Amino acid sequence: MPGGRFITLEGIDGAGKSTHLGWLETVLRARGRHAVVTREPGGTALGEALRALLLDGSEGMHAETEALLMFAARREHLDKVILPALDRGDWVLSDRFTDASFAYQGGGRGVATDKLDHLERWVQGGLQPDLTLYFDVPVEIGRRRARAIRPADRFEREEDVFFRRVRDAYRERARRFPERIRVIDASRPLEDIRILLEEIITSICS
Ligand code: TYD
């Protein structure tokens, strides 16, 4: 059986990626593939501790501190989870990865792209996901859905204008890396998106 693939899921809060992640795992399992399901920031003990600081902290932090912590968690995640899984031939499904840093810290907070490029090269070398599924949804819809699901974390408490910048940055990355990033219209009915995801997985499994 061919080796595993590294798939990341992206989108603004409320785009539905966490729901679709469960479905992707089911589809892969039905095809006999083992997937490691993980998330960022997080995925390791240290990464989850950083996640708590990044998401729960009410105090706030400098935008570059936020970017550095995201990449610190990512370095650990690659070392402890992602690279070992790919070495074993497992698939990896990650709820967010580096595109989120370009979207949230770059687009949302205004951290300079060249600094993020530098961190990306430092932390990942040449490694990129094989496929990124970007769930695109208008900010108003995403916000409404996110609010209905759970209390807001430090990012979700931001204004709509912040999320518009995040979405714009995601769309810009999708235009820049069309071979890797697949844009999915996340305002479509759940069932349609499931069918599409199944088709995508089938095409890369064979
Ligand atoms: P999220 O993925 O939405 O998880 P949940 O669905 O459990 O709330 O939460 C992660 C938050 O972290 C999200 O608001 C985006 C933010 N984030 C960044 O700002 N930069 C990053 O590099 C990553 C990975 C996440």
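Which helix gives the most residues to the shell around the ligand? Here is a short tour that starts from there.

1. **Ground rules.** This is a predicted model, in which local features need pLDDT of at least 70, side-chain atom pairs count only at pLDDT 80 or more, and totals for chains, interfaces and linings use all residues. Residues are numbered from 1 along each chain as its sequence is written, and side-chain values use heavy atoms, with hydrogens and water left out.

2. **The shell.** H4 gives the most to the shell around the ligand, with 4 residues. Helices here are DSSP runs (H or I, at least four residues) and strands are runs of E (at least two), numbered from the N terminus. The shell has 19 residues, and those that come nearest are Asp13, Arg96, Ser101, Tyr104 and Gln105; a residue is near if one of its heavy atoms lies within 4 Å of the molecule. By class, 10 of the shell residues are charged, 6 nonpolar and 3 polar.

3. A nitrogen atom of the ligand is 2.8 Å from a polar side-chain atom of glutamine 105. Oxygen atoms of the ligand take part too: one lies 3.0 Å from a side-chain N or O atom of aspartate 13, and arginine 51 has a polar side-chain atom 3.1 Å from a ligand oxygen. On its own the ligand has 550 Å² of accessible area, and the protein covers 92% of this (Shrake-Rupley method, 1.4 Å probe).

4. **Aspartate 99.** Back in helix H4 we find aspartate 99. Aspartate 99 is buried, at 3% relative accessible area (buried means under 20% with a 1.4 Å probe, protein chains only). Its side chain makes a polar contact with the side chain of arginine 180, at 2.8 Å. Such a contact is a pair of N or O atoms within 3.5 Å; within protein, one must be able to donate a hydrogen and the other to accept it, and residues adjacent in sequence count only if both atoms are side-chain atoms.

5. **Two backbone spots to look at.** Most residues other than glycine have a negative phi, and most peptide bonds are trans. Arginine 96 has a positive phi, near 80°. This arginine 96 is in the loop between strand E3 (91-95) and H4, and counts as buried because its relative accessibility is 10%. The other spot is the cis peptide bond that joins glutamate 40 and proline 41, with omega about -10°. Proline 41 belongs to the loop between strand E2 (35-39) and H2.

Conventions
Nonpolar A, V, L, I, M, F, W, Y, C, P; charged D, E, K, R; others polar. Buried < 20%, exposed > 50% of the residue type's maximum accessible area, 1.4 Å probe, protein only.
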